[in-house]
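Trainee: Hi! Could you walk me through this one before I start on my own notes?
Mentor: Happy to, let's open it up.

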Amino acid sequence: MERKSGVLMHVSSLFGKYSSGSFGEEAKYFVDFLADCGFSYWQVLPFCMTDEYNSPYKSYSSFSGNPYFVDLPTLYEKGLLTAEELKAAEQSSPYLCEFDRLQEERFELLKAASKRVLDKAPIKTFIENSPYLDAFCRFMALREANSGTPWQTWTVETPDESILFAWQFIQYEFFAQWQEIRRYANGKGIKLIGDIPIYVALDSADVWSAPDQFQLDKKQNPTHVAGVSPDYFSADGQLWGNPLYNWKAMKQDGYRWWCDRIRHMATMFDTVRIDHFRAFASYWSIPASSETAKAGKWIKGPGLPFIKAIKAAAGKTEIIAEDLGDITPDVYKLVQDSGFPGMKVFQFGFLSDDNSTHLPHNYPANAVAYTGTHDNDTLRGWLAHASPRERQKAMTYLQAERGEELPRKMMLAALASVCDTCILPLQDILGLSSEARINIPSTLGGNWQWRATALPDPRTAADLKYYTTLYERL
């Protein structure tokens with residue numbers, strides 16, 4: 001990757017009037033802000049439809065688009081929504097995503113818009129050319145026909161055609177609107193970094209349409225599930241519950257499903273971050289009956305042959321390997337052999353007294369430097385909750401006279417680092433505390449909600465432009 005920098009902010013966190021950020025004019029305003037600051041990247045979280053806890057890392061399909069991101073004013077301009085419907089959809093509060101309301105109202109509103117489509121041919125053609133989206137739309141329509149029950153128990157095999165078309169319409173609009181944002185961003189010199197969750201949900205079109213690709217028993221239930229071993233975030237580890245891949249079956253067809261997934265992402269993004277990359281070297285396998293992740297064990301992953309397959313599928317699209325967590329020599333070797341840049345998170349550099357690889361003086365050039373990720377507290381929040389030892393180590397390392405200086409100094413140190421790429425969360429640029437944290441791992445509810453109500457002022461943008469210039473990241 002080139003020596004550049006960018007900002008991490010999910011689309012849901014964009015400001016706007018309709019309960020969640022979307023692919024509307026606000027997304028273009030954000031692109032303009034990035035360009036004004038001298039940034040080159042906009043990194044987002046996964047775009048797939050979220051689960052009942054609104055996590056983008058557990059979805060009904062890894063190929064799907066989140067309906068909440070479909071811009072309502074765009075549909076109004078097309079004559080697919082009325083002025084009254086648009087007004088009624090306005091949010092009650094701008095500060096958090098109104099997920100409860102979105103779950104109750106948004107699909108019905110988009111379904112109403114789909115019924116006003118006069119020319120269905122482009123939508124039908126788009127879906128016919130996208131087999132995985134076709135499977136997702138059918139899955140969601142059948143799920144509704146079966147009262148939302150798990151697919152293993154379905155008895156109704158024919159979907160309601162109006163519901164099926166509504167989902168097809170939503171996906172068509174999602175991808176059409178995003179391509180407009182991508183064209184606008186690329187035209188401004190901004191590249192997009194997408195995010196691939198390592199695993200998929202059991203209750204998903206992915207597993208429903210290809211159960212042989214996963215570790216399931218005869219009743220199509222998981223034998224073992226995904227998670228991570230005990231770590232910094234949780235003494236019990238993290239029990240994610242996703243079904244694990246049947247890597248033996250995947251190898252037999254040249255990892256076709258994964259290669260298709262990478263090619264799909266390459267149509268949307270310039271760079272793709274693969275979450276939990278370490279699972280390709282070895283993954284934490286937990287018996288499906290376990291109550292915590294402690295009962296798991298490490299199993300050898302598909303390794304370098306798999307990496308070569310997805311690298312070929314990616315073509316010119318670059319890949320970032322998320323190599324955080326319990327990293328062992330086999331993971332380091334796989335990341336090195338892949339040639340993909342790994343990740344360095346400044347906050348992790350102060351967790352112990354050792355010479356951490358997350359401190360800038362140890363960074364390699366082929367890496368992406370972050371002050372924090374979507375799983376970390378904001379810098380101000382981290383400062384408030386850090387132990388006295390951690391805070392003092394940070395102050396000494398950054399030569400700060402007061403603790404309040406640390407967030408800014410950490411961002412500047414990351415920008416100044418030798419890493420080819422540096423990514424700053426928008427919350428840190430805005431100087432926000434823990435109330436702006438977007439996710440706390442191993443917790444359910446209350447996550448993914450934060451929204452920006454405004455962008456930094458021109459003075460802040462000019463300041464950032466000064467430092468992106470100074471550290472040669474333009």
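**Gln 220 and onward**

Mentor: Let's start at Gln 220, which counts as partly exposed because its relative accessibility is 27%. Buried means under 20% relative accessible area, exposed over 50% and partly exposed in between, with a 1.4 Å probe and protein chains only. Keep in mind that this is a predicted model: local features need pLDDT of at least 70, side-chain atom pairs count only at pLDDT 80 or more, and totals for chains, interfaces and linings use all residues. Residues are numbered from 1 along each chain as its sequence is written, and side-chain values use heavy atoms, with hydrogens and water left out.

Trainee: Got it. Where is Gln 220 found, and what is its phi near?

Mentor: Gln 220 is in the loop between helix H8 (205-209) and strand E4 (224-228). Its phi is near 65 degrees, a positive value in a residue other than glycine. Helices (H or I, at least four residues) and strands (E, at least two) are DSSP runs, numbered from the N terminus.

Trainee: And Tyr 255, buried or exposed?

Mentor: Tyr 255 counts as buried, because its relative accessibility is 7%. Tyr 255 lies in the loop between helix H9 (247-252) and helix H10 (256-266). The phi of Tyr 255 is also positive, near 60 degrees.

Trainee: Let's zoom out. How many helices and strands are there in the chain?

Mentor: The chain has 17 helices and 12 strands. Of its 474 residues, 58% count as buried. The C-alpha trace spans about 65 × 50 × 40 Å along the principal axes.

Trainee: What radius of gyration would a compact globule have with 474 residues?

Mentor: It would be near 23 Å, and the chain has 22 Å, which agrees. That radius is taken over C-alpha atoms, and the globule rule is 2.2 Å times the number of residues to the power 0.38.

Trainee: Which residues touch the most other members of the largest nonpolar core?

Mentor: Trp 42, Phe 47, Trp 258 and Phe 280 do, in a core of 149 residues. Helix H7 (residues 161-187) gives the most to this core, with 12 residues. A nonpolar core here is a set of buried Ala, Val, Leu, Ile, Met, Phe, Trp, Tyr and Cys residues joined through side-chain atoms within 4.5 Å.

Trainee: What does Phe 280 touch?

Mentor: Not counting residues up to four places away in sequence, the partners of Phe 280 include Ile 198, Trp 247, Trp 258 and Leu 334. Contact means heavy atoms within 4.5 Å.

Trainee: What lies 2.9 Å from a polar atom of the Asp 51 side chain?

Mentor: The backbone nitrogen of Ser 55 does. Asp 51 itself lies in the loop between strand E2 (41-43) and helix H2 (72-77).

Trainee: Last one: what is Ser 13 in contact with?

Mentor: Leaving aside neighbours within four places in sequence, Ser 13 is in contact with Ile 438, Trp 450, Arg 451 and Ala 452. Ser 13 counts as buried, at 1% relative accessibility.

Note on methods. Polar contact = N/O pair within 3.5 Å; in protein donor to acceptor, adjacent residues only side chain to side chain.
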